[in-house]
Amino acid sequence: MTTTSTATKPHASASGTWLLGGDLAVNRIGFGAMRLPQRGEALVENAVPRDRAEAIAVLRKAVELGVNHIDTAAFYFSPLRSANELINSALGGPYPDDLVIATKVGPGRDLSGAWSEHARTPAALRAQVEENLRQLGRDHLDVVNLRVLGTDSIAERFGALAELREAGLIRHLGLSNITPAHLTEAQAIAPVVCVQNMYGIGVRPEYEDFVRLCGEQGIAFVPFYAIAAAGRQTGATTPESPEILAVAKAHGASAAQVRTAWTLHQGPHLLAIPGTGDPAHLTANVEAGALRLTPEDLTLLNDLHRTPEAG
């Protein structure tokens with residue numbers, strides 16, 4: 001990519017910064033830990049564990065490149081690796097002062113890796129918060145996102161997390177996989193600092209107004225699967241569109257970098273969390289924060305975004 005010279009390391013600050021919750025300054029290129037514990041498809045029982053030293057090296061390199069926002073969860077694990085434990089081992093003791101770790105609660109997996117019922121009671125949610133605290137080796141969590149399935153009321157669940165926030169176990173609260181109605185419901189209970197929903201070029205174009213609404217309210221929008229698109233937890237496995245490839249060629253960039261750059265161009269409140277266990281991919285992801293798309297690029301990609309099945 002032409003945005004970084006060979007003599008200069010990329011730095012996540014080139015993506016700009018966002019004040020998460022009004023007091024946590026983060027670079028807009030972050031790191032998602034979902035892919036870290038294993039090779040291949042994530043969130044499956046028979047995942048192939050990633051080499052431990054490799055995973056720890058990637059985390060340390062991410063911080064070296066200016067990443068100070070890591071997204072994780074206690075249910076990110078393979079038979080031998082836990083994302084939270086890897087983060088603790090690589091970066092804890094003590095953690096960098098400016099590092100913000102966001103985790104999520106709701107989904108559950110048993111020790112075999114099989115999915116179990118979502119945590120829906122205050123006791124179950126508190127147990128998940130405490131498990132994240134234990135695994136990360138922290139006395140409080142910077143951000144906890146309530147991951148939601150369906151359209152049912154979240155008042156009781158979000159209220160339980162709000163009580164843990166008041167008790168000092170959680171600093172800020174967010175929501176994941178939600179509708180605008182969920183956001184309104186939660187805001188009547190406690191402040192919401194971020195929304196994590198699936199979004200990217202050709203992925204959920206119907207969320208455009210929701211993305212804009214979050215920005216107007218000072219809420220960070222943190223898309224997941226922004227690079228993987230239809231590949232989801234398997235990664236970017238589907239063929240790329242000619243439009244994305246043309247923009248990538250014009251900038252000497254990869255398709256993944258174009259997807260990340262487009263995400264960041266959707267507003268200053270967009271935070272990217274591309275994940276990888278590969279050092280070269282990590283560097284490329286951070287480099288994408290410096291990629292500036294032209295108005296012509298954005299017109300082309302926005303039209304593609306609004307085309308059914310574009311992702």
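Serine 176 is buried, with a relative accessible area of 0% (buried means under 20%, exposed over 50%, partly exposed in between, using a 1.4 Å probe and protein chains only). Welcome to this predicted model, in which local features need pLDDT of at least 70, side-chain atom pairs count only at pLDDT 80 or more, and totals for chains, interfaces and linings use all residues. Residues are numbered from 1 along each chain as its sequence is written, and side-chain values use heavy atoms, with hydrogens and water left out.

**Around serine 176**

Serine 176 sits in strand E11. Helices (H or I, at least four residues) and strands (E, at least two) are DSSP runs, numbered from the N terminus. The side chain of serine 176 makes a polar contact with the side chain of arginine 147 at 3.2 Å; such a contact is a pair of N or O atoms within 3.5 Å, where within protein one must be able to donate a hydrogen and the other to accept it, and residues adjacent in sequence count only if both atoms are side-chain atoms. Leaving aside neighbours within four places in sequence, serine 176 is in contact (heavy atoms within 4.5 Å) with residues including Asn145, Gln196 and Phe224.

**The sheet**

Which order do the strands of the open sheet follow? The 7 strands run E3-E6-E7-E10-E11-E12-E13, with parallel pairing. Strand E3 (31-32) and strand E13 (220-221) stand at the edges with a single partner strand each, so one side of each has no neighbour in the sheet. Two strands pair if DSSP finds at least two bridges between them; E10 (residues 141-147) and E11 (residues 170-176) are joined over 6 bridges in the parallel sense. Leucine 146 has leucine 175, in E11, as its bridge partner.

**The nonpolar cores**

A nonpolar core is a set of buried Ala, Val, Leu, Ile, Met, Phe, Trp, Tyr and Cys residues joined through side-chain atoms within 4.5 Å. The largest has 83 residues, of which Phe31, Ile87, Leu146, Leu161, Leu175 and Leu183 touch the most other members. Apart from it lies another core, of 13 residues, with Leu20 and Val193 among them.

**Two cysteines**

The structure holds 0 disulfides (pairs of cysteine sulfur atoms within 2.5 Å).

| Cysteine | Relative accessibility | Closest cysteine sulfur |
|---|---|---|
| Cysteine 214 | 0%, buried | 9.5 Å, in cysteine 194 |
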